[in-house]
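Notebook open, structure loaded. I'm jotting down what I look up as I go.

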Amino acid sequence: MRIDLDNLPVDPTLLQYLVRDMAALVESRDGEIERLQFIIKNLQRAQFGRRSERFDPDQLALALEDLDSDVARARERAPTIESAIEEASHETPSRRKALPDHLPREDVRLDVDSQTCPCCGGALHAVGESVSEMLDWVPAQLRVVRIARPKYACRACGTIAQAPAPERPIAGGLATPALLAQVLISKYCDHTPLYRQSQIFARQGVDLSRSTLAGWVGGACWWLEALHDRLCKNVFASNHLFADDTPIPVLDPGRGRTKTGRLWVYAREQRSWGGPEPPAAIYLYAPDRKAERPASHLGSFKGVLHVDGYAGFERLTTSGDIVLAACWAHTRRKFYEVAEATGSPIANEALRRIGELYAIEARVRGLPSAHRLAERRSFSRPIIEALREWLEAQLSQISGRSTLAEAIRYALSRWEGLTRFLHDGRIELDTNPVERAIRPVALGRKNHLFAGSDGGGERWSIVCSLIETAKLNGVEPYAYLVDVLQRMVDGHPVNRLDELLPWAWKSKNPVKP
């Protein structure tokens, strides 16, 4: 908009219109400048800044004040170096955590050279011993299992008798269930790509190409697919779940590059309110992020679904069987990003108020749902009601195009879902359980970079579901997969798959401490 300053109108009405247009243009450009600065700050923070949102400068100052108080108290207790040393000499030295009892022990005895006193020549007698421990490492090694099946012949009729060949997990393959489990754990739990595993095997003199290992992964997942389906059915039968999705790159050979697939993640976590069902996390692969994906996954689900701001979840509520609980962590993140980028006092005040809600949640975590609900109605409800009034008041006083206004509108537009926790003690404030379930996928993306195909994405979802659910239930994933694969190969009945779900498996295979 260009203005001819030498030819301004003299009509006051026209001048008022002109000023209004100029003010609107300035406000629009100011909002756009703030938005661009916000994007730049976020990019700078993502590349160079800290990732944690938990420790701001005020918290650091409080921590330093506490540290100074501790130092002052220590100085009062031990005013001189000498007295401090003397005091410490009488205290029991700090001990590191004892090594687990289930580890095998190898005893090494170090005795004196002679039973004669080196001072006077008298006879020595035992008065005790000192025992210390060191942690050792026994390198893993490959071995060959030789299977001999003697043949017997009948001299009378010539019949040949021989024990049948055992079922192999990979038809005609070399891998035992233990080796298959090792490859799966290395790839999907420890995030070691197959080409690196091939190099590790090569150092032991065994040539196993990446393509061979990929075939083994596919063969192992064939055995595990039915168990994954049973796990999904068990989880979707619950009435409280957390849902989210995360992108994974998938090789697209036809175009010579990767495409973006999605892993849809559904988590069950009831330990915070003493629920009856064990924790679990399931992953389902889809080639896109269309709203029909979660709709198809959750076709039989009825209950509360904790979700983020993805609009596709809204379609799930049309039948009335699913109620959405929104995420305060995502809401908080909007204000946090504004505070980091602009230093807005309004954003910082919003963070403080949301922090009060989380302080109450920390106090009631692990308590029965009825107790949690009573505490929330007594202490959280007043904070929520005041927060909404305050947000609406602030929104009317700031530019509607600002990033702060976007953050406020994000919260207010989801207010019903955000306040759902005030009506049900089983509902959480956020979707953190499913966010934690997504982290291993993010680590996998950084290491093995992409899935080789849509089938690779399916295999990723199968193995991750079993590994992460095992970890959530305190089950060692390698021992679990070895046993499950062996049982599958040995013909475990399909109608008893529930026995192989991680929490059921744990009950019959107690975890070593």
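Which residue stands opposite Ile248 in E4? I find Gly261 there.

Ground rules before going on. This is a predicted model, where local features need pLDDT of at least 70 and side-chain atom pairs count only at pLDDT 80 or more, while totals for chains, interfaces and linings use all residues. Residues are numbered from 1 along each chain as its sequence is written, and side-chain values use heavy atoms, with hydrogens and water left out.

I traced E3 (residues 240-252) against E4 and got an antiparallel pairing over 11 bridges. Strands here are DSSP runs of E with at least two residues, helices are runs of H or I with at least four, and both are numbered from the N terminus; two strands pair if DSSP finds at least two bridges between them. E3 and E4 make a hairpin with four residues between them. In that turn I noted Gly256, with a positive phi of about 70 degrees.

Next I looked at E4 with E5, which pair in the antiparallel sense over seven bridges. Arg268 stands opposite Ala280 in E5, and Trp264 has Leu284 in E5 as its bridge partner.

How many of the seven residues of E5 (280-286) are buried? Seven are, with buried meaning under 20% relative accessible area, exposed over 50% and partly exposed in between (1.4 Å probe, protein chains only). Ala280, Ile282, Leu284 and Ala286 point one way from E5, and Ala281, Tyr283 and Tyr285 point the other way.

**Aromatics**

I searched the whole structure and got seven aromatic pairs. The rule: rings of Phe, Tyr and Trp (its six-membered ring) pair if their centres lie within 6.5 Å, and planes under 30 degrees apart count as stacked, over 60 as edge-to-face and the rest as tilted. Trp264 and Phe313 have ring centres 6.3 Å apart and planes at 85 degrees, so I logged them as edge-to-face. This pair links distant parts of the chain, 49 residues apart: Trp264 is in E4 (residues 257-268), and Phe313 is in the loop between E6 (303-306) and E7 (322-325). Trp264 is buried at 0% relative accessibility, and Phe313 is buried at 1%. Together with Tyr310 they form one aromatic cluster.

Another edge-to-face pair I checked is Trp328 with Trp415, at 5.8 Å centre to centre and 80 degrees between the planes. Trp328 lies in helix H8 (residues 328-342) and Trp415 in helix H12 (residues 415-418), so the pair ties together parts 87 residues apart in sequence. Trp328 is buried at 1% relative accessible area, and Trp415 is buried at 7%.

**Charges over a ring**

Which charged ends sit over the ring of Tyr410? I found Lys334, 4.9 Å from the ring centre, and Arg414, 3.8 Å from the ring centre. My test was NZ of Lys or CZ of Arg within 6 Å of the ring centre and within 35 degrees of the ring normal.

Is Leu43 buried or exposed? It counts as exposed, at 57% relative accessibility, and its place is in helix H1 (residues 12-48).

Ile360, in helix H9 (residues 345-364), is buried at 6% relative accessible area. I also noted that Ile360 and Phe379 are 19 residues apart in sequence and 7.5 Å apart in space, C-alpha to C-alpha.
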